Amino acid sequence: MSLFGKIFGGGGKGGKGPSPQEAIQKLRETEEMLTKKQEFLEKKIEQELQTAKKNGTKNKRAALQALKRKKRYEKQLGQIDGTLSTIEFQREALENANTNTEVLKNMGFAAKAMKSAHENMDIDKVDDLMQDITEQQELAQEISDAISKPVGFGEDLDEDELLAELEELEQEELDNTLLDVGAEDVPLPNVPSTSLPSRPAKKEDDEDDMVDLKRWGMEAI
């Protein structure tokens, strides 16, 4: 059995493989386990470092042992970092594959639904139906035009003749109106009761002035 088979609990050759969701869940659980292991190793590294510092001058042997353990922990920590990177990459690839699978599955489902919807449709029947609809619309328009067209009395009348008769009636009405206005008694303005002021006799005064001048001339001679 392979390593991944052991991790995911797969069976032999005839066993059914895990589903993508199960594999993703297992990988996440493994990531959590390794993350906790990282935290544990980081604490151990810090402890061994403090032990080495504490015994650096007092107990050199103990300090060296602490540094050796620190190196082993650091090596394990590096291995876990690489394993986590690999698992994370595999999980992301599996999630993408699962997403693509779901997308393709839904697209296939939609395609089947569309095929089922078009199963009882014939393109020739659709064309015939659309042609019938067009013909019925044209017929309805012709019927509407026929109904709205005026029929009966008045179609054979000459419109120019009617307009000429209308002008004659208007002219006759205008002539009658003018005659009625001329026949009415128009009141004249009243004569003023007061006499108008007399105009000065300028010409007579001038003649009198000439006579006086002549008289004065004779007396002077």
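Colleague: How many helices and how many strands does the chain have?

Modeller: This is a predicted model, in which local features need pLDDT of at least 70 and side-chain atom pairs count only at pLDDT 80 or more, while totals for chains, interfaces and linings use all residues. Residues are numbered from 1 along each chain as its sequence is written, and side-chain values use heavy atoms, with hydrogens and water left out. Helices (H or I, at least four residues) and strands (E, at least two) are DSSP runs, numbered from the N terminus. Along the sequence the pattern reads α-α-α-α-α-α, and the count is 6 helices and 0 strands.

Colleague: What percentage of the residues in the chain is buried?

Modeller: A residue is called buried under 20% relative accessible area, exposed over 50%, and partly exposed in between (1.4 Å probe, protein chains only). The chain has 221 residues, and the buried part of them is 11%.

Colleague: What distance separates the end C-alpha atoms of helix H3?

Modeller: Helix H3 covers residues 60–117, which is 58 residues. The expected span of a helix is 1.5 Å times one less than its number of residues.

Colleague: What does H2 reach from its first C-alpha to its last?

Modeller: H2 has 35 residues, for which 51 Å is expected at 1.5 Å a residue. The reach in the model is close to that value, namely 51 Å.

Colleague: Against which helix do the buried residues of H3 pack?

Modeller: The buried residues of H3 include Ala63, Tyr73, Leu77 and Ile80. In H2, the buried residues include Leu27, Leu34, Leu41 and Ile45. The helix against which the buried residues of H3 pack is H2 (20–54).

Colleague: Is Lys70 buried or exposed, and which residues does Lys70 touch?

Modeller: Lys70 is placed in helix H3. Its relative accessibility is 13%, so Lys70 counts as buried. Contact means heavy atoms within 4.5 Å. Leaving out residues up to four places away in sequence, Lys70 touches Ile45, Glu48 and Leu49.

Colleague: Which residue forms a salt bridge with Arg28?

Modeller: A salt bridge is a side-chain nitrogen of Lys or Arg within 4 Å of a carboxyl oxygen of Asp or Glu. For Arg28, the closest N and O atoms of the pair are 2.8 Å apart, and the partner is Glu95. The pair links distant parts of the chain, 67 residues apart, with Arg28 in helix H2 and Glu95 in helix H3. At 38% relative accessibility Arg28 counts as partly exposed, and the partner asked for is Glu95.

Colleague: Which residue meets Glu48 in a salt bridge?

Modeller: The N to O distance in this salt bridge is 3.0 Å, and the partner of Glu48 is Arg69. Glu48 lies in helix H2 and Arg69 in helix H3, so the pair ties together parts that are 21 residues apart in sequence.

Colleague: How many salt bridges does a search of the whole structure find?

Modeller: One of them joins the side chains of Glu102 and Lys105 at 3.7 Å, N to O. Both residues lie in helix H3, 3 residues apart, about one turn of the helix. Salt bridges that share partners also join Arg28, Glu31, Arg91 and Glu95 into one network. The number found in the whole structure is 6.
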